[in-house]
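Keep the sequence and structure open while reading.

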Amino acid sequence: MAALPTPTTDPGRTAGYGRVFAVPEFRAVFAAHALSLLGVVVSEIALSVLVYDLTGSPLLSALTFALGFLPYLIGGTLLAGVADRFPARRVLVVCDLLCAGCVALMTVTGTHVAVLLALRCGVAVVSPVFQGTRMATLTDILGDGDLFVLGRSLLRIVSQSALLIGYGLGGLLLVVLAPRHALLVTVATFCLSALLLRCGTRPRPARAATGGALVRDGLSGTRRVLADRRVRCLLLLFWTPAMFAVTPEALAAPYADDLAVGSAGLGLLMCALPVGTIAGELFAGARLRPAARERVALPLVCATLLPYLGFALRPGLAVSLLLLVVAGAGSAYTLGLDQWFVRAVPDELRGRAMTVLTAGLMTIQGAGMALAGVAAEFAGVTATVAGAGVLGTVSSLLLAREAVRTRPKGETGLTGM
């Protein structure tokens with residue numbers, strides 16, 4: 001079925017998020033995303049508290065969060081073929097119901113901790129397939145031009161907003177509900193998300209219905225995605241800055257302790273990057289034209305980690321917050337990259353490519369957090385953050401040069417590097 005016609009090809013037209021909400025199917029996808037994200041946040045908090053209550057082990061409690069990152073690589077590579085070989089709406093609904101089923105089993109009294117962690121892994125394995133399929137579906141709903149970029153931006157803004165308010169709301173929920181009962185909220189949100197996607201989006205055929213074993217098809221599709229030099233470069237441009245960008249978040253607790261700012265200061269440090277990211281995305285999406293977003297993409301990707309160098313001067317809380325907000329605003333480069341990426345990937349590989357993008361992004365952020373912790377043990381917190389700024393900026397410059405070399409003729413925003 002052809003994509004809905006959308007006025008997304010005029011590079012001179014001023015961007016506006018209102019045009020995205022005018023598409024009924026996107027409203028359903030947006031609401032489903034917000035509901036499932038709420039469920040994920042609640043489950044992360046409730047499950048970590050439940051595991052700690054059962055074991056008294058901070059390590060196992062922290063492991064429940066880590067298990068939200070690590071299995072992404074498995075699901076994103078072995079199951080990537082699901083996104084293209086089955087109808088997208090069916091994949092999205094089944095993924096939501098599988099996640100709901102896993103969380104429902106967590107609520108059973110007497111479930112062993114090992115089973116709880118295994119079920120957490122099950123949700124994390126399914127998640128990249130769901131997210132990759134949803135990203136590819138946005139091109140069917142919004143076209144592959146400016147509306148797609150704005151739709152992706154809105155979903156990211158919701159995700160960042162969840163970091164600001166979601167954990168606080170989850171904590172309040174646990175004041176009135178036991179952890180297992182709080183997990184029932186997650187079951188409900190996943191089921192509602194499935195219902196919205198089933199009733200609010202149109203059925204569309206599979207992009208590339210192929211035979212053969214699913215895992216073999218997934219690995220083959222992943223190899224095809226990574227074999228394209230242009231696509232590979234754009235994937236690295238998404239992943240590499242993100243790996244270094246998470247360093248302050250990973251080290252926020254010891255840094256707050258160094259500054260002696262207490263839990264209030266820690267909360268502000270954790271919020272600064274998301275605040276900057278939301279501000280940057282909103283400005284770029286609402287005020288910049290599509291061509292302008294593409295022109296600033298590479299300069300922004302090369303500059304977004306430069307504020308981290310300021311941590312070498314051991315700034316106080318106020319300056320640290322300012323540096324983090326500015327760094328977060330630089331992540332608006334993703335709007336330009338989104339447009340290049342969707343142009344570079346063939347339609348029959350789009351679901352797999354989006355799944356690989358999502359899985360790689362989550363995995364590399366988890367690796368970045370772990371590496372930041374190791375580095376801080378030897379170099380200290382401020383030196384580690386500053387070092388991440390140096391290494392991330394150098395890596396981004398090299399990737400930007402590769403993006404220029406692989407650019408198609410007539411693509412904007414890639415000159416002067």
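Thr 137 sits in helix 7, residues 113–142. The model is a predicted one. Is Thr 137 buried or exposed? Thr 137 has a relative accessible area of 6%. Buried means under 20%, so Thr 137 counts as buried. Beyond its neighbours within four places in sequence, Thr 137 is in contact with Ala 88, Leu 92 and Arg 207.

**Cavities and a pocket**

Helix 2 gives the most, with 4 residues. The lining consists of Val 40, Ser 43, Glu 44, Leu 47, Val 103, Met 106, Arg 120, Val 123 and Phe 190.

How many cavities of 30 Å³ or more does the whole structure hold? The search finds 4. The largest cavity is lined by residues including Pro 248, Glu 249, Tyr 255, Phe 311 and Val 385. Helix 12 (247–250), helix 13 (252–259), helix 14 (262–287) and helix 19 each give two or more residues to this lining.

Helix 19 turns up again at a pocket. With 5 residues, helix 19 gives the most to the lining of the second largest pocket. Helix 11 (229–245), helix 18 (350–379) and helix 19 (381–405) are the elements that give two or more residues there. Among the lining residues are Met 243, Phe 244, Leu 371, Thr 384 and Leu 391.

| Space | Volume | Lining by class |
|---|---|---|
| Second largest pocket | about 180 Å³ | 8 nonpolar, 4 polar, no charged residues |
| Largest cavity | about 80 Å³ | 10 nonpolar, no polar, 1 charged residues |
| Second largest cavity | about 50 Å³ | 6 nonpolar, 1 polar, 2 charged residues |

**Aromatic pairs**

The structure has 6 aromatic pairs. One of them joins Phe 26 and Phe 30, with centres 6.0 Å apart and planes at 40 degrees, a tilted pair. Both residues belong to helix 2 (residues 24–55). They are 4 residues apart, about one turn of the helix. Phe 26 has a relative accessible area of 0%, so Phe 26 is buried. Ring pairs also bring in Phe 21, making a cluster of Phe 21, Phe 26 and Phe 30.

Tyr 308 and Phe 311 form another pair. This one is edge-to-face, at 6.4 Å centre to centre and 90 degrees between the planes. Tyr 308 and Phe 311 are both buried. Phe 311 also lines the largest cavity.

Notes:
Residues are numbered from 1 along each chain as its sequence is written. This is a predicted model: local features need pLDDT of at least 70, side-chain atom pairs count only at pLDDT 80 or more; totals for chains, interfaces and linings use all residues. Side-chain values use heavy atoms; hydrogens and water are left out. On a 1 Å grid over the protein atoms alone, a cavity is a set of points where a 1.4 Å probe fits but cannot get out, and a pocket is an open set with protein on both sides within 12 Å along at least five of seven lines; lining residues have an atom within 4 Å of a point. Grid points are joined across faces, edges and corners, and a volume is the space filled by probe spheres set on the points. Ala, Val, Leu, Ile, Met, Phe, Trp, Tyr, Cys and Pro count as nonpolar, Asp, Glu, Lys and Arg as charged, and the others, Gly among them, as polar. Rings of Phe, Tyr and Trp (its six-membered ring) pair if their centres lie within 6.5 Å; planes under 30 degrees apart count as stacked, over 60 as edge-to-face and the rest as tilted. Buried means under 20% relative accessible area, exposed over 50%, partly exposed in between (1.4 Å probe, protein chains only). Contact means heavy atoms within 4.5 Å.
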